[in-house]
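Biologist: I would like to learn how to read a structure that is new to me, one feature at a time. Could we look at it together and begin with the way helices pack?

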Amino acid sequence: MAQLSVRSLIKRFDGLTALNNFNLDVDEGEIVGLIGPNGSGKTTFFNVLSGIYPADGGEVFFDNHSENLLKLKTHQIIGLGIARTFQIQRPFNNLSVLENLMIGGHCRTQAGLFSALINLASARKEREQLKAHAREVMALFGNRLRSVEMNPAWTLSYANRRRLEIARALVSDGKLLLIDEPTAGMNPAESLQLAQTIQAINKKGMAVLVIEHDMKFIKKLCPRVVALDYGQKIVEGTYAEVRSHPKVIEAYLGRD
Amino acid sequence: MKLVNPKDKTKLDDLAGGSQAGTQERKQNPLVRMAELFARFKWHLKLLIVFACLMIPLVVSSNYAMRIIIYIGLYIVLALGLNVVMGFTGLLNIGHAAFYAVGAYTTAILMVKYGMSFWLTIPVGMFFGVLLGIVLGFPTLRVRDDYLAIVTLGFGQIVYITANNWMGLTRGPRGIPGIPAPRLGFSDFQIVLESYPAYYYLILLFVFITIYACVRIKDSRVGLAWMAIREDEDVAAVMGINLVYYKTMAFGFSAALGALAGSFFAVFQSFVSPNSFTILESVIIITIPILGGLGSIPGTIIGAIIMIGGPELFRAASEYRMVIMGAFMVIMMIVRPQGLFGKKLYQPTYKI
């Protein structure tokens, strides 16, 4: 069985059906590209999956959890192993890079109010481990995050903030990473480097679901591509198959 | 084989505008630098400060000055408590005096009516404070920003009006007089803490406990979760932070400190009445962390010294001293809106 299986997912915004019986399977350790014109429901799908929007119908199953994911609260989802980044970048602006990453590990740590107040050794140890883990994740991005780890996130460059968001999601040790338009605002060399980073993340056994408009990036990164239009899956297959499919061309360019 | 990207070695990106801007901001700001220096003080310097605090009653002889210093301590506890909700978690609370009142009335009623020891009334007061904090915490989970301000304002008024009208419990506007002084020791070996230095040491103990708790919590997993909520609630939830739990916890923690200050106030004044817990009281408490810099612990302490000690300096100007304080606040907010020790917070121009 697939790691993530989405069954006839429906999301309506008043009269607009953003997701209309959307189906998707993602296997363990797979990289899947999600493409489609603006407004086709890609980001809405991520928002429903991560619990920001309640769904209007359908089922989502993840990993070995028998429960329907859509019934969970927002904060419970990352604990199952689904972490995400945002299309419009949203780092915790006034916190340092390191603190941002440590918040990503919130679901993997336990220390509460009282262990903090009495400065319990276990809480201190947990914090040190989390810091070390956050720095490990930073190392994936070379020196770019590491050299600014004490700076507040708002001082980072656009591309670095994207890296920060990915790193923050990675600290949660998830099994599936949802990345929403990672290369926006990056130059070609940086996108290439990012593609390599995502491949490195994937090699560690993490499945990746990526929304992207940059077709070169998709071509390089994703063995399987899913095209969406009007909230429905129109085509699914390899990049070459999807690219030349008449339905995809129609969705992007319209019919003659 | 290890993949080495030549771009990793160039630090062009890391040197670009953004990251530099951060260092610049920190360098330009002497007060923030001072606060950071303070945080980095070695233990013996901290010990020196503690020692200096202990020496104060030996140096200051006038009862009037001692009274003001004790009040400064009291407001440090109150403001640090409020700072947890406003500075760390980013929730506006214009009803902090409500928790203060609960602590004060709990101690007053338990000591006068039931003859309980002061020390036992503290945990009871804090318990009721936390309970009230949680009660306030729940409705505030559904409202944000300006609406939250109005809800907390209303909450503060409810507690004040209750204290004013529940004759059976609080004796209403007549208040509860004759609250005995706290005692240390047992049976024949009892010390009654009723001199000003004794009260000073008591509040100093509470101040140290509060500072310790705030420093610890700020630098913990809970503090980080609170600050994440302050920065961006939605993202915090996606990152696995249970908003209901952590917001309620912030209110509860803040309320416990408020109630602690209230308990002290009751024995120090030996009289409580609703007039001590009006909306003006909440406003005074709010101005302290804002003046000192929201989220900053040393800032809040300095803020309390200025806000409570300041008006006394202008005693000679009688009625005009409040005008002077008011003008000072206005100028402060224009010149340094982030407060004395506050870091300039980055606010995105739009929210999604």
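**Reading helices, domains and chains**

Modeller: Helices α7(B) and α13(B) cross in a right-handed sense; please keep in mind throughout that this is a predicted model.

Biologist: At roughly what angle do the axes of helix α7 and helix α13 of chain B cross, and within what distance do they come?

Modeller: The angle is taken between the N-to-C directions of the two helices. Here the axes of α7 (residues 118–140) and α13 (residues 243–269) of chain B cross at roughly 145° and come within 7 Å. The contact of α7(B) with α13(B) is made up of 15 nonpolar, 11 polar and one charged residues.

Biologist: What does the rest of chain B look like in terms of helices and strands?

Modeller: Chain B has 16 helices and four strands, and 43% of its 352 residues count as buried. If we take the contacts in chain B with a separation of 6 or more, 75% of them are accounted for by residues 24 or more positions apart.

Biologist: Turning to chain A, which domains does the assignment give?

Modeller: In chain A, domain 1 is assigned to 1–81 + 174–256, while domain 2 is assigned to 93–169. Taken over C-alpha atoms, the centres of these two domains of chain A are separated by 26 Å. Their contact takes 11 residues from domain 1 and eight residues from domain 2 of chain A.

Biologist: Which elements supply the side of domain 1 of chain A that touches domain 2?

Modeller: At least two residues each come from α2 (74–80), β6 (176–180) and α7 (188–203) of chain A, and the largest share, four residues, comes from α7(A). That side of domain 1 of chain A divides into seven nonpolar, three polar and one charged residues.

Biologist: How many residues of chain A are in contact with chain B?

Modeller: There are 45 residues of chain A in contact with 37 residues of chain B. Among the elements of chain A that each supply at least two residues of the side touching chain B are α2, α5 (121–139) and α7. By class, that side of chain A has 19 nonpolar, 21 polar and five charged residues.

Biologist: Is helix α1 of chain A mostly covered or mostly open?

Modeller: A residue counts as buried if 20 or more other C-beta atoms lie within 10 Å of its own. Helix α1 (residues 42–49) of chain A is mostly covered, with seven of its eight residues buried, including A:K42, A:F45 and A:L49. Just after α1(A), A:G51 takes a positive phi of about 85°.

Terms used. Residues are numbered from 1 along each chain as its sequence is written. Chains are lettered from A and ligands numbered from 1 in the order in which they are written. This is a predicted model: local features need pLDDT of at least 70, side-chain atom pairs count only at pLDDT 80 or more; totals for chains, interfaces and linings use all residues. Domain bounds come from an automatic or database domain assignment. Two residues are in contact if their C-beta atoms, placed from the backbone, lie within 7 Å. Ala, Val, Leu, Ile, Met, Phe, Trp, Tyr, Cys and Pro count as nonpolar, Asp, Glu, Lys and Arg as charged, and the others, Gly among them, as polar. A residue is buried if 20 or more other C-beta atoms lie within 10 Å of its own, exposed if 12 or fewer, and partly exposed in between; C-beta atoms are placed from the backbone. Axes are lines fitted to C-alpha atoms, for helices over the stretch in contact, and angles run from 0 to 180 degrees between N-to-C directions. A crossing is left-handed if the near helix is turned anticlockwise from the far one by less than a right angle, and right-handed if clockwise.
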